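Please read them with the model open.

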Amino acid sequence: MKITAITIFPEYFAPMKLSLIGKAIESNLISFKTVDLREFTTDNHRTVDDTPYGGGAGMVMKPEPWGEAIDAELVGGGEVLDLIILTPSGARFNQSKARELAASKNLVFACGRYEGIDARVAEHYKQVAGARVHEISIGDYVLNGGEVAALVIIEAITRLIPGVIGNPESLLEESHNEIGEVEYPVYTKPTIWRGLEVPEVLTSGNHGEIARWRREEGLRRSESLRKSE
Ligand code: ADE
């Protein structure tokens with residue numbers, strides 16, 4: 001899988017060197033690069049934003065540098081490019097979207113800032129053969145830009161690629177499955193910590209009972225989460 005992040009702040013992606021993703025890059029399971037959007041400006045000030053048509057507060061990212069930067073990723077063709085545009089008004093990211101994107105060979109993250117990217121950029125690439133556009137939000141809140149959202153999505157996607165996480169069995173026992181159920185609570189040693197005991201069933205050695213308890217606890221947690229939403 002090839003991953004590219006287009007941004008005006010490439011430094012935001014320093015954590016890509018760390019932990020399991022860092023190792024996956026080192027062992028060529030995935031490749032990652034940042035592209036500095038300002039490299040695709042043509043004026044002395046390297047301007048990437050301008051005032052919004054129709055008025056209003058804030059600035060909007062100009063379409064031209066985005067077009068040039070994304071076109072450069074399309075050159076060479078081959079694999080379909082999945083263009084992910086991070087925006088609070090996109091479709092909410094979830095585990096099944098992570099799974100869909102984990103099958104991609106070529107992911108490009110467009111990390112907008114300010115009030116967002118001129119809407120014609122998404123519109124244009126929806127019509128370009130060889131590109132699939134995904135406008136994605138990671139939650140109902142507004143970030144300063146798409147970089148942190150891209151990191152969240154990259155982590156959720158790459159850990160689904162075979163070989164990226166050490167123990168593939170932990171993928172089977174995921175704490176968030178596709179139908180929105182969460183996992184049971186987990187415990188380790190010691191059996192009593194600050195007066196709090198590990199549920200007895202877990203130390204019983206009865207695997208049938210343990211499996212049943214975990215299923216029930218998972219369902220109970222999912223229900224109370226849904227109620228609080
Ligand atoms: N950019 C700003 N806020 C965002 C959000 N919630 N999700 C994705 N991208 C964003």
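1. Thr7 is buried, with a relative accessible area of 0%; buried means under 20%, exposed over 50% and partly exposed in between, with a 1.4 Å probe and protein chains only. The residue Thr7 belongs to strand β1. Its side chain makes a polar contact of 2.7 Å with the side chain of Glu147. A polar contact is a pair of N or O atoms within 3.5 Å; within protein, one must be able to donate a hydrogen and the other to accept it, and residues adjacent in sequence count only if both atoms are side-chain atoms. Neighbours within four places in sequence aside, Thr7 is in contact with Phe13, Val35, Asp36, Leu37, Cys111 and Glu147, contact being heavy atoms within 4.5 Å.

2. This is a predicted model, in which local features need pLDDT of at least 70, side-chain atom pairs count only at pLDDT 80 or more, and totals for chains, interfaces and linings use all residues. Residues are numbered from 1 along each chain as its sequence is written, and side-chain values use heavy atoms, with hydrogens and water left out.

3. Five strands form an open sheet in the order β2-β1-β6-β5-β7, with parallel pairing. Strands (E, at least two residues) and helices (H or I, at least four) are DSSP runs numbered from the N terminus, and two strands pair if DSSP finds at least two bridges between them. β2 (31-36) and β7 (131-137) are the edge strands, each with a single partner, so one side of each has no neighbour in the sheet.

4. Strand β1 (residues 2-7) pairs with strand β6 (residues 106-111) in the parallel sense over five bridges. Ile6 stands opposite Ala110 in β6.

5. Helix α2 (residues 63-74) lies across β1, β2, β5 (81-92), β6 and β7, and runs at about 165° to β1. Helix α3 (residues 95-102) packs on the sheet and touches β5, β6 and β7, its direction making about 155° with that of β7. Axes are lines fitted to C-alpha atoms, for helices over the stretch in contact, and angles run from 0 to 180 degrees between N-to-C directions.

6. Which residues touch the most other members of the largest nonpolar core? Of its 29 residues, these are Phe13, Leu86, Phe93, Leu107, Phe109, Ile153 and Ile157. A nonpolar core is a set of buried Ala, Val, Leu, Ile, Met, Phe, Trp, Tyr and Cys residues joined through side-chain atoms within 4.5 Å. Helix α5 gives the most to this core, with seven residues.
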